Amino acid sequence: MKFMIIASHLPSILNFRGKLLERIAKLGYDVHVLAPHLEDHPQIHSAISDLGYHVHQIPMQRTGTNPIADVKTLHAIYGLIKKVKPNYVLGYTIKPVIYGMLAAAHANVPHRFALITGLGYAFAGAEDRVYKKSTLQKLMHYLYSKALASTQKVFFQNPDDEALFKEMAIIQPTLATKVVNGSGVDIDKFAVEPIPMAEGEPLPRFLLIGRLLQAKGVREYAQAAAIIKAKYPQAQFDLVGFLDENPDAILQSELDDWVNQGLLTFWGKLKDVRPAIAACSVYVLPSYREGTPRSVLEAMAMGRAVITTDTPGCRETVIDGYNGYLVPVKSVEGLVVAMEQLIKQPQQIAEMGAASRRLAEDKYEVHTVNKVMIKEMGILEKNNV
């Protein structure tokens, strides 16, 4: 029996789906990975191959909208599916879902599943009362509806995304769906770390991890940092991530200004984010919308209080006043109020951090999340298939 997973970014395979594939392989399945730009990630390619998985190159522009290139992606996926003949196919992120599911259906793969990990530009503004779709958005919604109609089940990482897809008739009422608790987090790997202290109290050191995009709330984070540091000079603000090829990307000049002004300490892109989380006392993600933010789960597992937005995907991770604070989306003032609350009452940092760890263990433990997905896909042990 063969299981195929289709991704748009090779590093995400081990970071986000590693434990899922490990479990499926242990159940006796041959695992096949389809992803673009293998040459850009030779070490990760080798690591995946060393696990015994079969890695296949596909042409794909992760953020491009060239129709000719996308047709090539569809044909390449179809050709590999016909060659490999997988019994199960799972696609996640926009292009692997759309072109992977269309190709799998035409190739008559018996078990086809899509995982919606976030909505991105294709649904920007979808919750506004007056929502005018761009031509590109109309096309993406049409392709989504066609691709998802050919699946057996669609996984969502929060109930808001599921409801939106149904409301917009991108998925029909007869199509099976399942909400799972994000990608889960390895609570052993992301173990609790002591909160940095100074003079017996937690250091007010905040951290944001993510692609440097407007939609991640990076600008609001920088603006809040300026306000807080003017009043509390001892406060520190860290930023981990990288500039992205995206219309929504933060400019290099903006990042340079923030660093030069002393507002933010920029760590760059990290292969392992645990040292950055260990160095902070509070994790902050002012995102406009998420599937379920993995960085928040990792910070929770390591015992950190969380400030995030009261928006789809993010609001599921925080019980307001218990393990952190929920603030309005795009609200610099809301961020400042929450940050100042923790600076003024530093005992909350440890209390909320401990509560975050409990939530991570109870709700987001990676093996528990993966068991749900494997059961919902109907994957059985090889001897029982």
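## Burial and the model

A residue counts as buried when its relative accessible area is under 20%. Tyr221 has a relative accessibility of 0%, so Tyr221 is buried. The structure described here is a predicted model.

## Aromatic pairs

A pair of aromatic rings is described by the distance of the centres and the angle of the planes. The structure holds eight aromatic pairs. One of them joins Phe113 and Phe155: the ring centres are 6.3 Å apart and the planes stand at 40°, so this pair is tilted. The two residues come from distant parts of the chain, 42 residues apart, with Phe113 in strand 5 (residues 111-116) and Phe155 in strand 6 (residues 153-156). Phe113 is buried at 2% relative accessible area, and Phe155 is buried at 0% relative accessibility.

Tyr221 also takes part in a pair, with Phe237 as its partner. Here the centres are 5.7 Å apart and the planes are at 70°, an edge-to-face arrangement.

## An aromatic cluster

Four aromatic residues, Phe123, Tyr144, Phe156 and Phe165, make up one cluster.

## Charges over rings

Arg17 is placed over the face of Tyr92, 4.4 Å from the ring centre. Lys269 has its charged end over the ring of Phe242, at 4.6 Å from the centre of that ring.

Note on methods. Residues numbered from 1 in each chain as written. Predicted model: local features only at pLDDT ≥ 70, side-chain atom pairs only at ≥ 80, totals over all residues. Heavy atoms only, no water. Phe/Tyr/Trp six-rings, centres within 6.5 Å; stacked < 30°, edge-to-face > 60°. Helix = DSSP H or I, 4+ residues; strand = E, 2+ residues; numbered from the N terminus. Buried < 20%, exposed > 50% of the residue type's maximum accessible area, 1.4 Å probe, protein only. Lys NZ or Arg CZ within 6 Å of the ring centre and 35° of its normal.
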